[in-house]
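Thanks for coming. I have one structure to go through, and I will keep it short.

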Amino acid sequence: MPQPLLEVKDLRVSFRTEDGVVKAVDGVSFTLSPREVLGIVGESGSGKSVTMMSVLRLINDPNMLVSGEVLYKGRDLMKLGKGQMQEVRGDEIAMIFQDPMTSLNPVYRIGDQICEGILTHQDIDKPAARKRAVELLQQVGIPHAGSRVDDFPHQFSGGMRQRAMIAMALANNPDVLIADEPTTALDVTIQAQIIELIDKLKDDFDSAVVLITHDLGVVADIADRIAVMYAGRVVEFGAKRDLFYDPQHPYTWGLLGSIPRLDRPKASRLYSIEGTPPSLISPPQGCKFRPRCPHAFEKCMEEPELVSRVDKRDHLDRCWLDPATKRVTRYNTIEGGRAA
Amino acid sequence: MAVFIVRRSIGLIAVLFAITVLTFLIFFATPGVDPTRALAGRNPTPETVAAIKHQFGLDRSLPVQYLLMMKRLFISRDLVSYGNQALKVVPAITSAAPVTFSLVLGAAVIWVVFAILTGVLAVILKGTIFDPLLMILALIGISMPVFWLGEVANLVTQDRLHNTFLFHWVPPLGYTPLTSNPWQWFLHLVIPWITLSVLYIGFYARVLRANLLDVENEDYVRTARAKGLSERRVLLKHMLRTSLITFVSLFGLDFGVLVGGGALLTEVVFGLPGVGKLTYDSLVKLDLPVIMATVIYGAFFITIANALVDIVYARLDPRIRPA
């Protein structure tokens with residue numbers, strides 16, 4: 001394993017609310033190597049966005065409690081001063097967000113918003129920054145970048161705005177790009193373009209990417225490794241190939257089973273995971289997926305650790321089921337139980 | 001821009017027409033209002049009343065009377081007050097307007113500057129004791145009626161502490177035109193400016209703080225932070241500008257109202273012969289020509305102020321700029 005670029009160790013984020021403490025992120029650990037694409041997959045409220053926002057310390061909630069370490073090139077970001085953290089943000093670790101319609105400031109020109117980030121982190125003058133902004137817009141595929149650079153966000157379509165966001169994020173050549181559901185708010189046709197763009201640019205810019213999504217189909221193309229999150233913790237973590245071809249956690253099976261597929265006999269119905277995500281204030285005892293898991297047994301009342309249970313050392317999961325049994329039982333979930 | 005101005009001017013004329021007709025009708029529909037009585041003096045003979053009615057055109061039909069009044073107001077500009085025939089209405093307004101302008105303009109500068117400072121400071125100090133403290137201070141400012149505050153200011157600066165080093169510079173109540181002595185103009189207006197602006201500082205600071213806190217949760221503020229901008233830059237560049245939109249629209253209305261005669265209480269308390277005082281006096285005497293003139297003047301400035309607000313809006317927010 002190469003030296004990790006980013007290492008998150010036992011990150012816990014909780015929010016005090018009137019109803020109790022919400023454990024949004026409950027002991028998440030992962031590493032990110034240079035130029036790697038890590039997919040973080042999970043449904044809404046599983047803690048994937050909160051995890052990555054906490055890495056950049058972008059949550060400004062007085063009721064938030066954070067613990068754990070976020071080591072970036074050996075430095076713990078959690079311990080940096082405000083000013084040092086600002087130097088990391090946008091320069092070494094950049095982030096793009098879910099909704100490009102609201103993520104750009106409506107009152108400033110696209111170009112100025114890109115330049116602002118460049119001028120904050122680089123020692124160059126305004127004309128040079130502007131030139132760079134035009135180049136960046138070209139790189140992300142904005143036609144007539146030289147004139148569109150002076151447009152306001154409302155003159156851009158949703159896809160173009162997300163491209164502009166990507167340009168802004170890559171402006172300082174960051175080592176890590178965090179993309180928080182970058183395609184969720186976009187049309188399906190645009191989604192694929194944006195993912196392809198990220199895939200291409202990560203090579204051009206030598207950046208590692210953390211791609212947060214609720215859609216396994218999105219990460220299927222470009223991720224190297226995938227972490228599946230459920231109820232604030234990682235339930236399965238492994239190389240993309242292992243995760244797709246030898247998934248260990250019943251929740252992962254559910255996610256895989258709920259993707260429509262064209263390469264298999266058509267299932268009469270897509271699989272859906274019964275029930276709703278558990279309360280993060282008083283989560284169920286033992287395995288957090290137990291109440292929704294059709295394969296739960298007595299042992300599941302105990303909390304399973306995230307460890308390797310198969311012959312691959314870096315394929316981790318939190319499930320007590322016997323891997324040999326799982327190969328049989330998961331088939332129905334993934335391939336569609338009532339297939340014709 | 002030209003289209004904008006033309007459209008606004010047509011709007012202005014329509015507003016002025018509507019408001020003059022309304023004022024005119026209200027005046028004549030008010031029971032017990034008979035300008036002849038004021039004009040004719042005590043115990044007039046029926047002949048005198050008839051003569052005066054004829055002289056002032058009060059025996060004509062209402063539309064004709066309206067047109068006559070507009071003609072004397074705008075074209076011959078020799079409309080006189082019903083109560084005091086030596087008082088020509090148009091010069092009365094033009095001599096009162098600079099006083100009101102001086103008062104409101106100075107107060108507006110003070111209130112905009114201090115409201116922004118207070119609002120922004122409250123947001124910076126959010127989570128500390130100073131934020132609620134500032135807001136309570138603002139509330140106190142809003143709660144003090146301007147006539148009371150003005151009288152207290154007068155009591156302190158003109159009487160109790162006038163002979164101390166603090167307030168010996170405060171001139172007696174009244175007004176000195178800017179053109180005759182700028183320094184005296186300034187000295188006369190300092191206390192009225194502060195008095196008038198206190199209410200608005202409090203109000204605008206609270207509005208701005210609320211807007212800033214709203215904007216703080218916007219996605220683009222998160223983007224700005226993710227770019228690594230300093231908190232100061234995020235606040236002043238990304239949050240303040242969008243928050244100022246409510247501020248500006250309120251300002252336009254308040255400024256228009258005050259210039260249009262709404263600073264009446266301040267003018268009366270400080271003995272400033274402005275439009276507010278003129279309006280007040282004419283209303284007390286039901287003096288239609290003066291009321292009409294001040295109403296037109298007020299409506300004119302409120303409309304102008306609103307047009308200016310729209311221009312500033314467009315500067316602040318490119319989305320509403322005409323293509």
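Helices and strands here are DSSP runs, numbered from the N terminus; a helix is H or I with at least four residues, and a strand is E with at least two. Please keep in mind that this is a predicted model.

On that numbering, A:E303 sits in the loop of chain A between α11 (250-257) and β11 (307-308). Is A:E303 buried, exposed or partly exposed? It is partly exposed, because 13 other C-beta atoms lie within 10 Å, and the exposed class stops at 12 or fewer. Leaving out residues up to four places away in sequence, A:E303 touches A:G286 and A:C287. For A:G286, 17 residues away along the chain, the C-alpha separation from A:E303 is 4.0 Å.

Next, the sheet. Chain A has an open sheet of 4 strands, in the order β2-β1-β4-β5, with antiparallel pairing. Its edge strands are β2 (20-32) and β5 (75-76), each of which pairs on one side only. Inside that order, β1 (residues 6-17) and β4 (residues 64-72) run antiparallel and are joined by 8 bridges. As one example, A:E7 has A:L71 in β4(A) as its bridge partner.

Last, the core. The largest nonpolar core counts 152 residues, and A:A167, A:V210 and A:V228 have the most contacts inside it. The most given by any element comes from chain B: helix α5 (residues 89-124), with 13 residues. Back in chain A, which residues does A:V210 touch, not counting those up to four places away in sequence? They are A:L32, A:L38, A:I40, A:M52, A:V176, A:I178 and A:A179. As background, nonpolar side chains tend to be buried together in soluble globular proteins.

Notes:
Residues are numbered from 1 along each chain as its sequence is written. Chains are lettered from A and ligands numbered from 1 in the order in which they are written. This is a predicted model: local features need pLDDT of at least 70, side-chain atom pairs count only at pLDDT 80 or more; totals for chains, interfaces and linings use all residues. A nonpolar core is a set of buried Ala, Val, Leu, Ile, Met, Phe, Trp, Tyr and Cys residues joined through C-beta atoms within 7 Å. A residue is buried if 20 or more other C-beta atoms lie within 10 Å of its own, exposed if 12 or fewer, and partly exposed in between; C-beta atoms are placed from the backbone. Two residues are in contact if their C-beta atoms, placed from the backbone, lie within 7 Å. Two strands pair if DSSP finds at least two bridges between them.
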